Amino acid sequence: MIELIVAERCTDCGACIEVCPANVLDPGTDGLPVLARVEDCQTCFMCELYCRADAIYVAPDCDRRVSVSREDVLASGRLGQYRRHSGWDEWAEHFPNEQWLMETVFRRAGEAAAQSRAERPEGLGGKK
Amino acid sequence: MSKLAAFPELLSITTDVLIVGGGMAGAWAATSAAQAGAKVVLADKGYCGTSGVTAAAGPGHWWVPPDPAAARDAAVANRIAAGLGLGEADWMYRILDQTWRTLPTLARYYKFGTDDEGRVNYRAVRGPEYMRALRQQVLSYGVTILDQSPVLELLARCDGSIGGARGQRRQDGSRAYRVEAGAVVLAAGGTSFLSHLLGSRTNTGDGYLMAAEAGAEMSGMEFTAAYTIAPAHSTMTRSMAYAFATYYDADGGELDLPFGPDQTVRLARALQRGPVYCTLQRLPDDVKARLHTISPNVPLVFDRWGIDPYRDRFEVTLHNDGTIRGIGGVRVHDVNGATSVPGLFVAGDNASREKVAGAISGGGNVNSAWALSSGVFAGTAAARVARSMKSRSAELTPLGRAGLRPHGRPQDIDVAATRDRVRAEMHPFDKNLFRTGAGLAASSQTLEDLWSEVANHGQAGSIALRETAALLATARWSVATAAARDESRGLHRREDYPARDPRLAARLLSGGLDQVWVALDRPSASAQPGQLETTS
Ligand SMILES: Cc1cc2nc3c(=O)[nH]c(=O)nc-3n(C[C@H](O)[C@H](O)[C@H](O)COP(=O)(O)OP(=O)(O)OC[C@H]3O[C@@H](n4cnc5c(N)ncnc54)[C@H](O)[C@@H]3O)c2cc1C
Ligand code: SF4
Ligand code: SF4
């Protein structure tokens, strides 16, 4: 779930509020978006992709709150990591979108499984 | 329009075609309706571009080029065989063809990947980029997008045909809105019954409930027993890397869970015995090196938890896919998405996918080909209907009942507790995956009681209550249909009827609000619901 918006990075552009599918955030009185309904967060990381200031940290935990320290997150280099690896916006030239490899991986897994079945002694891994 | 002014709604729009839901199916429907010359409004509960299961994942489309023709024949023949009697070849050919024609037209907005041999790969797209591109395309056609605007109910003309919808602008002071339309396309997705399936939080089955209130029926609702692996406590139900996983029980003993069609069922049985751990050490090194550029959200989870998935053993779980990687939904009469209700079309996971997927999951290929194609077909057909309408001015009756207009005295409903009870019937393996007649009867009783409470006493006010009504309606159709299918077939598994029954090689329809019914879908038009009738 979304756990942190780093105040000094946030430019108050409002993008995260607008794009959050689960309507988790509200505009705050001091500019910074407020984590108003964290319990509704669907842990989809979309707000991170749309935050050009790399100010948002979503913890992968979807069924429990975790405490997240601002200092640790800032030091970890994980802010903006998803946007970067996705080749989003200014990162387009640096990280290619290799989604197309997915089917190859499944195919290789199928081949590997077939091969290991062939090598297995009788009785193991049969249909059950 | 003078009539409308009398309504309390603050925002009132008139259009040719209204699209409900802005995932893959809704966005393609909006594009096609606009291309056909219609004025289009698209309303999404969340944000068209990030909402829905398309956006958070990476849909690989069913993709078979037309040349050589034998390739498509083989793909369809395989799918017909795998579909165990419920698929239809004609429909499969139609979506293969439509997907192949349409997907590359997105190249203006989506940068399709190029493989190591320099060939463009169209079939596999990344969700966030795909939905961002579809939003840009939709806007380029002048479609009006209403984001953060859940549709709450359909509006009918006096002849029963659908003439619009009502909803709420949840980031605009919960202001009500109303769209009067020549035709409506429901593309509000499937539902995971609020499991932690990635991207599924806004999909609460609203499109099924609204269709049923308009008089449409469902098909294939028993096929909700699909589950997908994820690291425990995460939403990351993306299975690719697990094709190479090695599994262990709590004592460190290796489990025999080979990659293949019954891996999920075996994993579920292992999870019933205790926690299951896994490593991805066998993933080929070249894939490990590129995982973050294939599916960047997959390694992200491990990285943030400080887990090295290629060395460490981490706990895994299975999240229910409900009708999303399951296949039930509103029955479609025609490949163009027409329902039994005039003016109402369905597309994507809001529609039943039995005819294109058969009795097995459409995830991985068929589902997205269907979402795209059915969107294109339904959008085009809706535009045609809207354009052919002579007069629009008609009185419109709101159709919403449960969760909006109670039968009896309004009372407060504990929405969170009700949702948890729906989850408790639809997610556990012993209830929904390894089904028994007795277990389904018990689930049915629980769900009936919950439904009565919501339908009798739940009053308008919260979007969450209306969503809960939709979850309940969907769960009731699913349980009733599963109870009627006294056999095991594809995704539907009955422990008390482990074999397939050739007499049940047919689709099961379901529907009804206060009285749930189930009936065999007979090929002849004269068939009456009644054969397998169950009221629960
Ligand atoms: C993790 C994952 C991976 C998958 N991978 C594949 C794959 O590789 N290949 C494949 O073929 N299929 C795959 N699938 C299935 C495929 O993604 C879906 O079948 C497809 O995305 C469905 O598109 P849709 O537009 O019908 O639904 P969605 O994309 O879910 O869109 C539904 C939209 O409706 C909106 N909505 C809901 N209720 C309302 C309301 N009341 N008012 C207004 N709007 C509303 C939602 O906010 C959402 O935006 C995958 C599914 C998952 C979960
Ligand atoms: S998207 Fe980022 S910069 Fe914009 S308001 Fe949200 S946190 Fe602040
Ligand atoms: S992770 Fe998804 S649901 Fe949660 S706040 Fe961000 S965008 Fe919203």
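Reader: To start with chain B, where does R494(B) lie?

Author: This is a predicted model, and in it R494(B) lies in the loop of chain B that runs between α15 (463-484) and β18 (508-511).

Reader: Is that residue buried or exposed?

Author: R494(B) is buried, because its relative accessible area is 2%, and buried means under 20%.

Reader: Which residues is R494(B) in contact with, leaving aside its neighbours within four places in sequence?

Author: With those neighbours set aside, R494(B) is in contact with R435(B), T436(B), G437(B), L440(B), A482(B), A483(B), R485(B), D486(B), E487(B) and S488(B).

Reader: And what separates its C-alpha atom from that of D412(B)?

Author: The C-alpha atoms of R494(B) and D412(B) are separated by 37 Å, and the two residues are 82 apart along the chain.

Reader: Let me switch to G215(B): where is that one?

Author: G215(B) also belongs to chain B, where it is found in the loop that joins α6 (206-214) to β9 (218-219).

Reader: Why does G215(B) count as partly exposed?

Author: G215(B) counts as partly exposed because its relative accessibility is 46%, and that class takes in what falls between the limits of 20% for buried and 50% for exposed.

Reader: What does G215(B) touch, leaving aside its neighbours within four places in sequence?

Author: Apart from those neighbours, G215(B) is in contact with S340(B) and V341(B). As for T339(B), which is 124 residues away along the chain, its C-alpha atom is separated from that of G215(B) by 9.2 Å.

Reader: How many helices and strands does chain B have in total?

Author: Chain B has 15 helices and 19 strands, and buried residues account for 63% of its 536 residues. Among its contacts between residues at least 6 apart in sequence, 73% join residues at least 24 apart.

Reader: What pattern does chain A follow along the sequence?

Author: Chain A follows the pattern β-α-β-β-α-β-α-α-α, with 5 helices and 4 strands. Of the contacts in chain A between residues at least 6 apart in sequence, 54% join residues at least 24 apart.

Reader: Turning to the ligands, which residues are closest to ligand 3?

Author: Ligand 3 is surrounded by 13 residues, and the closest are C20(A), C41(A), Q42(A), C44(A) and C47(A). By class, that shell has 11 nonpolar, 2 polar and no charged residues, and the space that ligand 3 takes is the largest cavity.

Reader: Which residues surround ligand 2?

Author: The residues around ligand 2 include C10(A), C13(A), C16(A) and C51(A), together with others such as D12(A) and P33(A). The shell of ligand 2 has 9 nonpolar, 2 polar and 1 charged residues.

Conventions
Residues numbered from 1 in each chain as written. Chains lettered and ligands numbered in written order. Predicted model: local features only at pLDDT ≥ 70, side-chain atom pairs only at ≥ 80, totals over all residues. Heavy atoms only, no water. Near = heavy atom within 4 Å. 1 Å grid on protein atoms, 1.4 Å probe; cavity = no way out; pocket = protein on both sides within 12 Å on 5 of 7 lines; lining within 4 Å. Sits in = over half its atoms within 2 Å of the grid points. Nonpolar A, V, L, I, M, F, W, Y, C, P; charged D, E, K, R; others polar. Helix = DSSP H or I, 4+ residues; strand = E, 2+ residues; numbered from the N terminus. Contact = heavy atoms within 4.5 Å. Buried < 20%, exposed > 50% of the residue type's maximum accessible area, 1.4 Å probe, protein only.
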